[in-house]
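Colleague: I would like to learn how to read a model like this one, feature by feature. Could you walk me through it?

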Amino acid sequence: QVQLVESGGGLVQAGDSLRLSCAASGRTFSSYHMGWFRQAPGKEREFVSAISGSTGSTYYKDSVHDRFTIHRDNAKNTVYLQMNSLKPEDSAVYYCAASLGRRSGNDWHHRYMRVAEYDYWGQGIQVTVSS
């Protein structure tokens, strides 16, 4: 079992920045693929960003790729999402997720944006951006 604990959300104004953190349990964190998703009221959960285990390859939703940065610190079992130039449309509950690669194997680079690929999820944390 992998437990994920998120922190760093809150209420900010448009143009401000936030850094979300996700701390994971376990001793094999470096092998996990990690993702961030978000869900706004009345919307489906959508992919935001991901970072692979081992290689550290990064992926982004098109609308955030020039504003958000994902990175990981394997020594701390933590993945981060740095969010700059926040917009009201970024408001959502943000979820951290971990994939053990059981479904994708070497094909994860084609599946990182799929909710069903991930095995464990955090509780979600609110990000609200006012205009």
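Predicted model: local features only at pLDDT ≥ 70, side-chain atom pairs only at ≥ 80, totals over all residues.

Colleague: Which strand does β5 meet through three bridges?

Modeller: That is β6, residues 58–60, again in the antiparallel sense. I51 is bridged to T58 of β6. The hairpin of β5 and β6 also has six residues between its strands, with S54 at a positive phi near 65°.

Colleague: How many of the six residues of β5 are buried?

Modeller: Five of the six are buried, so β5 is largely enclosed by the rest of the structure.

Colleague: Let us step back to the whole fold. How many helices and strands are there?

Modeller: There are zero helices and eleven strands, so the pattern along the sequence is written β-β-β-β-β-β-β-β-β-β-β. The radius of gyration is 14 Å, close to the 14 Å that the globule rule gives for 131 residues, so the protein is as compact as a globular protein of that length. Its C-alpha trace spans about 40 × 25 × 25 Å along the principal axes.

Colleague: And what share of the contacts joins residues at least 24 apart in sequence?

Modeller: Counting contacts between residues at least 6 apart, 58% join residues at least 24 apart. As for burial, 44% of the 131 residues count as buried. The accessible surface comes to about 6,800 Å², and 45% of that belongs to carbon and sulfur atoms.

Colleague: How should I read the two faces of a strand?

Modeller: The general idea is that side chains in a regular strand alternate between the two faces of the sheet. Here, β7 has a covered face made of F68, I70 and R72, while T69, H71 and D73 form the uncovered one.

Colleague: What does F68 touch?

Modeller: Leaving aside residues up to four places away in sequence, F68 touches R38, V48, Y60, L81, Q82, M83, N84, L86, D90 and Y94. F68 is buried, with a relative accessible area of 1%. Spatial distance is another thing to check: F68 and E89 are 21 residues apart in sequence and 14 Å apart in space, C-alpha to C-alpha.

Colleague: Which strand does β7 join through six bridges?

Modeller: β7 joins β8, and the two run antiparallel. In β8, I70 has L81 as its bridge partner.

Colleague: Is N77 buried or exposed?

Modeller: N77 is buried, with a relative accessible area of 16%. Now look at S85, in the loop between β8 and β9. S85 has a positive phi of about 50° although it is not a glycine, and it is partly exposed, with a relative accessible area of 41%.

Colleague: How do I find the core?

Modeller: The largest nonpolar core has 28 residues, of which L4, M34, W36, V79, L81, M83 and Y94 touch the most other members. β3, β4, β5, β7, β8, β9 and β11 each supply at least two residues of this core. Apart from it lies another core, of eight residues, including F37, F47, Y59 and A97.

Colleague: Last one: which residues form the disulfide?

Modeller: C22 and C96 do, with their sulfur atoms 2.1 Å apart. C22 lies in β3 and C96 in β9, so the pair ties together parts that are 74 residues apart in sequence. The link is left-handed, with -80° about the S-S bond, and both C22 and C96 are buried. The structure holds one disulfide.

Notes
Residues numbered from 1 in each chain as written. Heavy atoms only, no water. Disulfide = S-S within 2.5 Å. Helix = DSSP H or I, 4+ residues; strand = E, 2+ residues; numbered from the N terminus. Buried < 20%, exposed > 50% of the residue type's maximum accessible area, 1.4 Å probe, protein only. Core = buried A, V, L, I, M, F, W, Y, C linked by side-chain atoms within 4.5 Å. Rg over C-alpha atoms; globule rule 2.2 N^0.38 Å. Contact = heavy atoms within 4.5 Å. Areas by Shrake-Rupley, 256 points an atom, 1.4 Å probe, with all protein chains shown as cover. Pairing = 2+ DSSP bridges.
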